[in-house]
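Work through these exercises with the model open. Each task is followed by a stepwise solution.

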Amino acid sequence: MSKILIVEDESDISDLITLHLTREGHETHCVANGLQVQPAAVEQQPDLIVLDMMLPGLDGGQVFKRLRADTRTTHIPIIILTAKSQVVDKIAGLELGADDYLTKPFSPRELYLRISAILRRVKKVTHVSEVRRGRFLIDRKSMKVYLDGSPLDLTTTEFKLLTTLMENDTAVHTRADLLREVWGYNSDVATRTLDTHVKRLREKLGAAGSHIVTVRGTGFQFDSNPPGLPA
Ligand code: CA
């Protein structure tokens, strides 16, 4: 059973979603005003939020930004609902970095399947909230990375960048992949930004910075046992 927060002011739609999700064994709460979402999410700590874009009080885009900006709610996956005519909203939703989006009218079954897929993905990650990579220990719950037992002082972006590189430590992560995974779908972010962050991250790692390997012309790779460092 998962806790799902439904944000929708059209009661027939929120009732339909509620009916379907509770039938599948989920616990649901509904909020109809954009201004109520942030406090409700902080208090209830839902496993997922279904967020309609057209809301009274505060529109969906602003609600989304608030949720992502707050450390108490930034980790909660969000599915965005948009009306068919709101092509702009759809693009905005993707740029914001929503986990998924659905265009109205949608079938409750489709929404349920999308929700299940995200919850499975999240569960896999939180299940292994502590991951070891050589000398590094990642604690996703507290968003901290330890090097030889000492916590590193990383910004949120540096944390995302480092853990993304570590997630698959044999793979080369292309610049495009990293920009998408760390910065979301924001097209404003330049490749230079990535290089700057890698540089700063390496500086913070000191000698262990050589774990982040530049793959010329492609991107970066995490090497848990680089040459020249004790294993
Ligand atoms: Ca609405």
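The model is predicted.

**Exercise 1. Which residues of helix α3 are buried, and how are they placed around the axis?**

Step 1. Locate α3 at residues 60-69. Its buried residues are Gly60, Gly61, Val63, Phe64 and Leu67.

Step 2. Check the N-terminal end of α3. Asp59 caps it, with a side-chain oxygen 2.8 Å from the backbone nitrogen of Gly61.

**Exercise 2. Find the buried residues of helix α7 and say what they pack against.**

Step 1. Helix α7 spans residues 175-183. Leu178, Leu179, Val182 and Trp183 are its buried residues.

Step 2. Take the view down the axis of α7. The buried residues fall within an arc of 100°, so they line one face of the helix.

Step 3. Identify the partners. The buried residues of α7 pack against α6, β10 (173-174), α8 and β12.

Step 4. Gly184 follows α7 and has a positive phi, near 75°.

**Exercise 3. How do the axes of α6 and α8 cross, and which residues make the contact?**

Step 1. Take α6 at residues 156-167 and α8 at residues 191-205. Their axes come within 10 Å and cross at roughly 90°.

Step 2. Classify the angle. Angles of 65 to 115 degrees count as roughly perpendicular. α6 and α8 are therefore roughly perpendicular to each other.

Step 3. List the contact residues. α6 contributes Thr157, Glu158, Leu161 and Leu162. α8 contributes Leu194, His197, Val198, Arg200, Leu201 and Lys204.

Step 4. Focus on Glu158 in α6. Is Glu158 buried or exposed? Its relative accessible area is 1%. Buried means under 20%, so Glu158 is buried.

Step 5. Leave aside neighbours of Glu158 within four places in sequence. Glu158 is then in contact with Asp153, His197, Arg200, Leu201 and Lys204.

**Exercise 4. Find the aromatic pair and describe its geometry.**

Step 1. Search the whole structure. There is 1 aromatic pair. Phe136 and Phe222 form it, 5.5 Å centre to centre with 75° between the planes.

Step 2. Classify the pair. Planes over 60 degrees apart count as edge-to-face. The Phe136 and Phe222 pair is edge-to-face.

Step 3. Phe136 lies in strand β7 (residues 136-139) and Phe222 in strand β12 (residues 219-222). They are 86 residues apart, so the pair links distant parts of the chain.

Step 4. Check burial. Phe136 is buried, at 0% relative accessible area. Phe222 also counts as buried, at 0% relative accessibility.

Notes: Residues are numbered from 1 along each chain as its sequence is written. This is a predicted model: local features need pLDDT of at least 70, side-chain atom pairs count only at pLDDT 80 or more; totals for chains, interfaces and linings use all residues. Side-chain values use heavy atoms; hydrogens and water are left out. Rings of Phe, Tyr and Trp (its six-membered ring) pair if their centres lie within 6.5 Å; planes under 30 degrees apart count as stacked, over 60 as edge-to-face and the rest as tilted. Helices (H or I, at least four residues) and strands (E, at least two) are DSSP runs, numbered from the N terminus. Buried means under 20% relative accessible area, exposed over 50%, partly exposed in between (1.4 Å probe, protein chains only). A polar contact is a pair of N or O atoms within 3.5 Å; within protein, one must be able to donate a hydrogen and the other to accept it, and residues adjacent in sequence count only if both atoms are side-chain atoms. Axes are lines fitted to C-alpha atoms, for helices over the stretch in contact, and angles run from 0 to 180 degrees between N-to-C directions. Angles under 35 degrees count as roughly parallel, over 145 as roughly antiparallel, 65 to 115 as roughly perpendicular and the rest as oblique. Contact means heavy atoms within 4.5 Å. The arc is that of the directions from the helix axis to the C-beta atoms.
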